[in-house]
Amino acid sequence: MSRDPRRRDSTPVTHEDEIAGPTSGEPSTAPDPVRSTFDRGVVWCARGAAWLVFVAMAISVFEVIMRYGFDSPTSWVHESVVMLVAVSFALGGPAALASNRHIRVRILYDSAGPRLKLWLDRFNDLVTFGFCLAMSYAAYVMFWDASHNPMGEWSLERSGTSWNPPFPALVKGIIMIALIIMCIQAFIHLIQSLRGKPATPASDNEGAV
């Protein structure tokens with residue numbers, strides 16, 4: 001059994017002490033990586049959107065049962081699964097940016113001092129905002145082309161299969177919304193960095209690179 005380093009070696013640590021963990025005055029949890037209220041709302045919504053993967057898995061199992069068990073394959077499962085997975089991937093961008101768990105190379109950042117880290121945060125937030133702004137415009141153009149015909153009338157792009165759902169246009173719309181959300185997040189982060197609030201890194205045991 002582990003011992004509390006503040007106790008003397010002769011003092012045993014009870015089971016209740018191990019369950020209780022650190023006493024008052026010591027941090028019991030890692031710092032919250034969420035940087036703003038808007039990010040916290042994004043994380044909350046992402047928890048619900050994560051169930052889309054479960055739905056995709058469930059209807060895939062249904063397709064297998066219908067195809068091989070009852071010799072009655074569906075015409076909608078494959079396209080629905082592709083759409084659900086695409087939407088979950090698109091919404092993963094705002095979720096990762098909100099919780100500060102995006103993949104990053106921190107060799108230079110970890111070796112920098114507090115002042116240099118703040119300037120690196122500002123540079124990173126500025127580049128992220130510019131990138132998200134440009135990508136939001138590109139996504140808007142892509143969605144416009146997918147939702148309007150050459151005459152400018154509302155007409156959703158469809159898959160062209162026997163079921164022919166408007167999933168291509170809907171996915172492109174979700175991508176546009178996700179990038180707009182990331183643009184807002186990056187702008188808030190940039191304002192925070194300019195005001196001297198450093199980015200809160202995720203804890204080491206969360207898989208940050």
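**Close-up 1. Cysteine 132 and cysteine 183 in the predicted model.** The sulfur of cysteine 183 lies 6.2 Å from the closest cysteine sulfur, that of cysteine 132, which is too far for a bond. A disulfide is taken as a pair of cysteine sulfur atoms within 2.5 Å, and by this rule the count is zero. Cysteine 132 is accordingly in no disulfide. Cysteine 132 is buried at 1% relative accessibility, and cysteine 183 is buried at 10%; buried denotes under 20% relative accessible area, exposed over 50%, and partly exposed in between (1.4 Å probe, protein chains only). The model is predicted, with local features requiring pLDDT of at least 70 and side-chain atom pairs pLDDT 80 or more, whereas totals for chains, interfaces and linings use all residues. Residues are numbered from 1 along each chain as its sequence is written, and side-chain values use heavy atoms, without hydrogens and water.

Close-up 2. Histidine 148 is located in the loop between α6 (114–147) and α7; helices are DSSP runs (H or I, at least four residues), numbered from the N terminus. The residue is buried, its relative accessible area being 16%. Its side chain forms a polar contact of 2.9 Å with the side chain of serine 147 (a pair of N or O atoms within 3.5 Å; within protein, one must be able to donate a hydrogen and the other to accept it, and residues adjacent in sequence count only if both atoms are side-chain atoms). Neighbours within four places in sequence aside, histidine 148 is in contact (heavy atoms within 4.5 Å) with Glu153, Trp154 and Ser155.

Close-up 3. Five aromatic pairs are found in the whole structure; rings of Phe, Tyr and Trp (its six-membered ring) pair if their centres lie within 6.5 Å, with planes under 30 degrees apart stacked, over 60 edge-to-face and the rest tilted. The rings of tryptophan 51 and phenylalanine 54 have centres 5.7 Å apart and planes at 85°, so this pair is edge-to-face. These two residues are three apart in helix α3 (residues 51–69), about one helical turn. Tryptophan 51 is exposed at 56% relative accessible area, while phenylalanine 54 is partly exposed at 45%. The rings of tyrosine 140 and tryptophan 144 form a tilted pair, with centres 6.4 Å apart and planes at 40°. Both residues lie in helix α6, four residues apart. Tyrosine 140 is partly exposed at 42% relative accessibility, as is tryptophan 144 at 39%.
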